[in-house]
Amino acid sequence: MGWFNVCKVSYVKPDFPFSAQVEGKKIGIYIIDGEYFAMEDICPHANALLSQGFVDDATIECPLHGALFDIRTGQCLREPGDRDLQTYPVRVDAGQIQIEIAES
């Protein structure tokens, strides 16, 4: 599929991820120690937007039931997350955050 523009770099703050829809997928964009990360934005347990959760270091906690995910890897660190989350390669080009979505 390729690389897709998601947002300007200024839209992503350390404690306030950016939520976007790209190619029909809800994606959360995070910045940790100056590096951008992208992963699924929907908690598999209760269909909540993770980007509205609580960021602590490199983790995001679901705002509904407290499932915890590693932002860098998508790994579920605390239930009731049910599974690991899909992550996406990220690059910055001319002030735009882009993610790569591979064909499935």
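Reply: In this predicted model, strand β2 (residues 18-22) is joined to β3 by 5 bridges, and the two strands run antiparallel. Within this pairing, Gln 21 has Lys 26 of β3 as its bridge partner. The hairpin of β2 and β3 has 2 residues between the strands, and Glu 23 takes a positive phi near 50 degrees there.

β3 also pairs with β4, in the antiparallel sense and over 6 bridges. Here the bridge partner of Tyr 30 is Phe 37 in β4. These two strands likewise form a hairpin with 2 residues between them, and Asp 33 in the turn has a positive phi of about 50 degrees. Strands of a sheet pair through backbone hydrogen bonds, either parallel or antiparallel.

Leaving aside neighbours within four places in sequence, Leu 50 is in contact with Tyr 30, Met 39, Ile 60 and Phe 69, among others. The contacts of Leu 50 also include Glu 40, Asp 41, Ile 42, Cys 43, Cys 62, Pro 63 and Leu 85.

Ser 51 is found in the loop between β4 (35-40) and β5 (54-56). Its relative accessibility is 11%, so Ser 51 counts as buried. With neighbours within four places in sequence again left aside, Ser 51 is in contact with Pro 17, Ser 19, Tyr 30 and Asp 41.

The cysteines deserve a separate remark. Cys 43 has a relative accessibility of 1% and therefore counts as buried. The closest cysteine sulfur to that of Cys 43 is in Cys 62, 3.8 Å away, which is too far for a bond. A disulfide is a covalent bond between the sulfur atoms of two cysteines. The structure holds 0 disulfides. Cys 7, at 3% relative accessibility, counts as buried too.

A further sheet involves β1. This open sheet of 3 strands has the order β1-β11-β10, with antiparallel pairing. β1 (2-8) and β10 (90-93) stand at the edges with a single partner strand each, so one side of each is left without a neighbour in the sheet. From one strand to the next, the twist averages 35 degrees. β1 is joined by 6 bridges to strand β11 (residues 96-101), and the two run antiparallel. In β11, Glu 100 is the bridge partner of Trp 3.

Finally, there is the annotated span. UniProt lists residues 4-99 for "domain: Rieske", in an unreviewed entry. In the model, the end C-alpha atoms of residues 4-99 lie 5 Å apart, and the span is 0% helix and 48% strand.

Methods:
Residues numbered from 1 in each chain as written. Predicted model: local features only at pLDDT ≥ 70, side-chain atom pairs only at ≥ 80, totals over all residues. Heavy atoms only, no water. Helix = DSSP H or I, 4+ residues; strand = E, 2+ residues; numbered from the N terminus. Buried < 20%, exposed > 50% of the residue type's maximum accessible area, 1.4 Å probe, protein only. Contact = heavy atoms within 4.5 Å. Pairing = 2+ DSSP bridges. Axes fitted to C-alpha atoms, helices over the stretch in contact; angles between N-to-C directions. UniProt positions renumbered as here; feature names shortened; annotations may be inferred. Disulfide = S-S within 2.5 Å.
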